[in-house]
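Hello,

My notes follow below it.

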Amino acid sequence: MDLRVPRIRPRALKVWRRNILVWRKLITPSLLINFGEPFLYLLGLGFGLGVFIGDMAGLPYLTFLASGIVASSAMNTASFEGMYSVYTRMVPQRTYGSMLATPLDVDDIIAGEMLWCATKSTISAAAILLVASLLGAVLSYAAVLVVPIAFVIGLCFAGPAIVMSAFSKSYDFFNYYFTLFITPMFILCGVFYPIDSLPAALQSFVQVLPLTHAVALVRPLVADQVLVDTGLHLGVLLIYAAVSYYLAVILVRRRLIV
Amino acid sequence: MIDTQAARTVIEAVGVTKQFGEQQVVRHVSFTVPRGQCFGLLGPNGAGKTTTIKMILGQSPLTAGELNVFGRRLPQHASAVRARIGVVPQEDDLDPDFTIAENLRVYGSYFGLEGRRLDARITDLLAFASLADRAGARVDELSGGMKRRLTIARALINDPDLVVLDEPTTGLDPQVRHMIWARLRDLKQSGKTLLLTTHYMEEAERLCDDLLIIDHGAIIAQGSPAALIREHVEPEVLELRGADRNFEVLLRKDADCRMETVGDTVYCYTHDSRPLTELLQGMPELSFLHRPANLEDVFLNITGRDLRE
């Protein structure tokens, strides 16, 4: 197995740019999903459920929920892209095969894909923020900082998703990852309620899950609260991103460079 | 550039070996491809042709041996070597998300090409591939032949010194095949080196200056098509259809030829066909074809007639 540490080179941006060009062709349906889904969540849960909940952890429920959805949506977007789309390009479409006949290496392809996944996360987070601010859920201009943070969240979840693609024999395999990792994080990591209402053992467990840290960064910025432990939270996300990038490169090399 | 031996050599393989688990798919293969040549890799399915090509592209590490392309070691310098190679893969891998012109543009961008230089190149290549009027078409609207032509055009986007073609005309109709052969000869004329795998012997005979026949991963013959035919088979062939057992016995006695029977056909390989043709003149019930030996005869003679997967 080729364990060499990957090199990150500017040519990775060519891969990123290829994906942007494809995205531009499908921009209308893409944006419709980016805006439509969070709108549904915020409207349905925020208002519907919010009426009964009122405040949560000292915040209007719509604000609490919107900040959680921004983080979880960045997670979902990067995960979907890193699995279904990356797998499509890697296996049935042979896009990586054609790239590997050019000066691009697996290192470049995976770096470009992670940047692209993170870009899509950023687009989706920005869309939700816009919808949330129109609904009056955004309480501070500091929420603008959520946009670059969504990029980091995207990187953090893109890597593990690409690792899954590198292992996968078919699209069905991704259901396991969603059921075993993504959905539990969506439910446990503070999107819908504060994690300190969980049993103590579960509370320490969710501390190792990246979505917890993503939510911890996004919520204070949206809700006009003081951001604490910023280095820790960003560090966790970046470590997930770096380790999973390395793993993804090794595994995709193993799959394609045989 | 100084025209040294090294500068004239494009590919140099020494004892190249590839093993998957217990199975050796390429065994101690050594060959040299000089600049400007069309070099053929021939062999039945599973002979190790595509694996050899993958190693030349740095897409597959060697188990043993040494492989240099443009004087640079593989797979260590894969990226730099690939910058000077154009690849036509066996299976279509055009980007279905893009139009024809966009396929060329995006692929060019992987080589760091952009702007007006790339635009001019795309215009030239679309003309070269006779696709100028289809520039805006989507890939899934193209026929098999158009896709192949686009793939060849794409392989030339970086003005490569070496073009690697893995079965470029498989599944194409004769018109397209002849057009592609003409284009490949144009490329050779313009000084490019070609590495071609094929199992169409006619194709190899028309295009290749030098070729290897490999089977079970090892080289079993090497030379120009004409030299291989001289070396491995008799110059003339008679194919007889409708011969019965008695006739075969008669042939064996009277005709000075080597015979092979496949189904209802008897192949007679001979240095002098006259006695045999005279004999056959008196047998109007037999249909026969008299032709010079070709590369296919060589191939079947040395790789055998067993079916391969």
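Strand β11 (residues 236–241) of chain B and strand β13 (residues 265–270) of chain B run antiparallel and are joined by six bridges. Both strands sit in an open sheet of four, also in chain B, with the order β12-β13-β11-β14 and antiparallel pairing. At the edges are β12 (258–262) and β14 (287–292) of chain B, and each of these pairs on one side only. From one strand to the next, the twist averages 20°.

Apart from neighbours within four places in sequence, Arg258(B) is in contact with Glu234(B) and Tyr269(B). Cys268(B) is 10 residues away from Arg258(B) in sequence, and the C-alpha atoms of the two are 5.5 Å apart in space.

Now to chain A. Helix α5 (residues 106–134) of chain A has 29 residues. From its first C-alpha to its last, α5(A) reaches 42 Å, close to the 42 Å expected at 1.5 Å a residue. Why is α5(A) described as largely enclosed by the rest of the structure? The reason is that 25 of its 29 residues are buried. After α5(A) comes Gly136(A), which has a positive phi, near 80°.

Next, the place where the chains meet. Chain A contributes 19 residues to the contact and chain B contributes 18 residues. On the side of chain A that touches chain B, the elements giving two or more residues are α1 (12–25) and α4 (95–99) of chain A. The largest share of that side, five residues, comes from α1(A). Sorted by class, this side of chain A has nine nonpolar, five polar and five charged residues.

Last, the confidence scores. Chain B has an average pLDDT of 90, and 94% of the residues score at least 70. Where pLDDT is low, the predicted coordinates should not be read in detail. For the complex, the predictor gives an ipTM of 0.93 and a pTM of 0.93.

Best wishes

Terms used
Residues numbered from 1 in each chain as written. Chains lettered and ligands numbered in written order. Predicted model: local features only at pLDDT ≥ 70, side-chain atom pairs only at ≥ 80, totals over all residues. Expected span 1.5 Å × (residues − 1). Buried ≥ 20, exposed ≤ 12 C-beta atoms within 10 Å, placed from the backbone. Pairing = 2+ DSSP bridges. Axes fitted to C-alpha atoms, helices over the stretch in contact; angles between N-to-C directions. Contact = placed C-beta atoms within 7 Å. pLDDT = per-residue confidence, 0-100. Nonpolar A, V, L, I, M, F, W, Y, C, P; charged D, E, K, R; others polar.
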